[in-house]
Amino acid sequence: MGAFVKLLDFLLFIYFCFIAIVAPFFDGQAALPKHMFPPVFVNLKSWYTQEYGDYLVSEQPHFFVGLIWLELLFAWPLSIITLTAIATGKSWVNTACLVYGVSTLTSMVAILSEMVGSQRASDKLLMCYYPFLGFAVLAILRGLIPPSGKTMSIGKRSAISRKKRA
């Protein structure tokens, strides 16, 4: 189980590094004025929209912009917190992964349901979105893995033997 958790942590660490850069500079263009972004990111978004035919990014329907705001205000900071938790081996990494994974999975189900239901998305475009769905599931799995059997104590005495102070 330990090797699986380490592999999962490595994959999620790479993913969260990617999200830490992509979310503010690429996704942020759907919610914030374009003059706030370096031209290289604006050009990258234009190229992506034309190359993959991402109609959600180009048309920016209200539900999509709302999900972008959710990502910028909630999921992006949470991804940085989770990145830190994985890097430092914090005990709350499970909680952070679970919350991020459920939030991202919910958003991806809404986006992919729209794409598949509208029949406007090409297979090439869907293949760009499916990895995010997969990483959300991996984050949820990481969040559901029980902590190791090591007992954690606070201070020098175990939690059971401490006396209550008035």
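Mentor: Start with a cut-off. Angles under 35 degrees count as roughly parallel, over 145 as roughly antiparallel, 65 to 115 as roughly perpendicular and the rest as oblique. Keep in mind that this is a predicted model.

Now take H1 against helix H5, residues 93-118. Their axes are 14 Å apart, and the packing angle is about 60°. H1 and H5 are therefore oblique to each other. The crossing of H1 past H5 is left-handed. On the H1 side, the contact uses Leu12, Tyr15, Phe16 and Ile19. H5 supplies Cys97, Tyr100 and Thr104. By class, that contact has six nonpolar residues, one polar and no charged ones.

Next comes H6. Helix H1 spans residues 2-25, and helix H6 spans residues 123-144. These two pack at about 130°, with axes 10 Å apart. H1 and H6 are therefore oblique to each other. Their crossing is left-handed. H1 contributes Val5, Leu8, Asp9, Leu11, Leu12, Tyr15, Phe18 and Ile19. From H6 come Phe132, Phe135, Leu138, Ala139 and Arg142. The class count for H1 with H6 is eleven nonpolar, no polar and two charged residues.

Finally, the cysteines. Cys17 has 30% relative accessibility, so Cys17 counts as partly exposed. Cys128 is at 22% and therefore also counts as partly exposed. The structure holds zero disulfides.

Methods: Residues numbered from 1 in each chain as written. Predicted model: local features only at pLDDT ≥ 70, side-chain atom pairs only at ≥ 80, totals over all residues. Heavy atoms only, no water. Axes fitted to C-alpha atoms, helices over the stretch in contact; angles between N-to-C directions. Helix = DSSP H or I, 4+ residues; strand = E, 2+ residues; numbered from the N terminus. Left-handed = near helix turned anticlockwise from the far one by under 90°. Contact = heavy atoms within 4.5 Å. Nonpolar A, V, L, I, M, F, W, Y, C, P; charged D, E, K, R; others polar. Disulfide = S-S within 2.5 Å. Buried < 20%, exposed > 50% of the residue type's maximum accessible area, 1.4 Å probe, protein only.
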